[in-house]
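Please look over the sequence and the model below, then read on.

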Amino acid sequence: MSFQDLLYCPVWVFSTAVLALVVRLQRRARWDPKTCPVRLTGKTAIVTGANTGIGKFIALDLARRGARVILACRSEARGTAALNEIKQISGNADVHLRLVDVSSMESVRGFAKRIIEEEKALHILVNNAGVSGLPRQITKDGFEASFATNHLGPFLLTNLLLDLIKRSAPARIVTVSSANHWRGQVDFSHFHGENLYYSMDRVYNHTKLHNIICTNELARRLQDTGVTANSVHPGVVMTEVMRHYSFWVRYLFNIAGVLFLKSPEEGAVSTIYCAVSEELEGVTGKYFDSDCSLVLPSPLARDTALAVKDFEICERLTSKL
């Protein structure tokens with residue numbers, strides 16, 4: 001039987017369809033944002049990377065709950081399009097666009113300065129913006145581009161806004177990480193682009209491990225402040241995160257995505273859960289899976305001594321810029 005004959009074999013087609021259905025049913029989160037009654041009237045939220053994908057649906061949900069939502073985006077054109085769409089769908093006019101490039105420490109500092117000057121409070125910060133598959137690049141700050149975008153930029157942004165967040169307590173910080181962190185490694189020379197191997201998602205995996213490590217240390221430092229910090233895996237989602245990969249990788253990813261992967265709306269659920277769920281009030285320093293379940297991250301992510309060292313190194317690197 002040729003490969004073409006196999007594609008048209010009724011048994012193969014039926015079994016593939018059944019498998020796809022089972023996977024789609026299993027990927028549904030146990031928590032449904034549509035059934036969560038939490039309102040956010042009078043609350044302010046920032047979502048980075050909110051112009052597309054998961055970030056846009058997170059921002060839309062927060063807007064539907066009545067929050068003042070700030071879309072932190074790099075592209076003005078795409079950010080404006082998302083802004084208008086979210087306002088129209090949610091009926092919430094208190095949605096705003098602020099430009100920031102999280103890979104640039106100068107841009108992050110400018111954004112944070114404006115937020116501190118303009119906003120009286122900040123109750124929810126969602127660090128969602130991220131990239132995968134970037135070729136080797138060094139930013140003008142001297143950082144490897146993927147590390148700057150996925151970790152050091154969000155790290156700096158969170159720390160610059162921390163006083164405002166603490167004054168707004170109870171408040172929540174949610175960082176979008178990935179189950180890929182299990183394949184990540186910690187080598188602090190990576191921050192400057194050294195000793196890195198650029199194959200598929202290896203660099204991305206390292207950055208996502210640092211996300212969890214530093215979020216856990218941040219949570220420890222925020223004990224008794226009324227501010228919680230958690231990290232979350234959104235699942236394998238059909239978003240633009242693959243845009244830097246080769247055509248064939250993107251092609252295969254998109255084919256698989258039709259049957260097996262989450263939509264951006266589905267991928268936003270676990271992050272929304274961490275941001276608004278009543279049952280997570282006071283829960284901090286934890287890692288949640290794509291089905292909104294509390295799970296253990298990798299052993300490296302749970303190493304408290306490593307967390308202290310990682311956090312202090314990131315503080316030193318970003319405080320100089």
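## Strand β6 and its partners

S231 stands opposite Y287 in β7. The pairing of β6 (residues 227–232) with strand β7 (residues 287–288) is parallel and runs over two bridges, where two strands pair if DSSP finds at least two bridges between them. Strand β5 (residues 171–176) also pairs with β6 in the parallel sense, over six bridges. Among the bridge partners, A171 goes with V227 and V176 with V232. Strands here are DSSP runs of E with at least two residues, helices are runs of H or I with at least four, and both are numbered from the N terminus.

The model is predicted: local features need pLDDT of at least 70 and side-chain atom pairs count only at pLDDT 80 or more, while totals for chains, interfaces and linings use all residues. Residues are numbered from 1 along each chain as its sequence is written, and side-chain values use heavy atoms, with hydrogens and water left out.

## Burial of β6

Six of the six residues of β6 are buried, so the strand is largely enclosed by the rest of the structure. Buried means under 20% relative accessible area, computed with a 1.4 Å probe on protein chains only. In a regular strand the side chains alternate between the two faces of the sheet. In β6, V227, A229 and S231 lie on one side and T228, N230 and V232 on the other, and all are buried.

A229 of strand β6 has 0% relative accessibility and counts as buried. Leaving aside residues up to four places away in sequence, A229 touches I173, T215, L218, A219, T284, G285 and K286, contact meaning heavy atoms within 4.5 Å. The C-alpha atoms of A229 and V283 are separated by 8.2 Å, although these residues are 54 apart along the chain.

## The sheet and its helices

Eight strands form an open sheet with mixed pairing, in the order β3-β2-β1-β4-β5-β6-β7-β8. At the edges stand β3 (95–99) and β8 (294–295), each with a single partner strand, so one side of each has no neighbour in the sheet. Helix α4 (residues 76–90) packs on the sheet, touching β2 (68–73) and β3, and its direction makes about 170 degrees with that of β3.

Helix α6 (residues 145–160) lies across β1 (44–48), β4 (124–127) and β5, running at about 170 degrees to β4. T158 has its place in α6 and is buried, with a relative accessible area of 5%. Not counting residues up to four places away in sequence, T158 touches L125, N127, I173 and L218.

## Helices α8 and α12

The axes of helix α8 (residues 202–221) and helix α12 (residues 304–319) come within 9 Å and cross at roughly 95 degrees. Axes are lines fitted to C-alpha atoms, for helices over the stretch in contact, and angles run from 0 to 180 degrees between N-to-C directions. The two helices are therefore roughly perpendicular to each other, a term for angles of 65 to 115 degrees. The residues in contact include H210, I213 and C214 of α8 and L306, A307 and V308 of α12.

## The whole chain

The protein comes to 12 helices and eight strands. Buried residues make up 53% of its 321 residues. Among contacts between residues at least 6 apart in sequence, 78% join residues at least 24 apart.

Notes: Parallel < 35°, antiparallel > 145°, perpendicular 65-115°, else oblique. Buried < 20%, exposed > 50% of the residue type's maximum accessible area, 1.4 Å probe, protein only.
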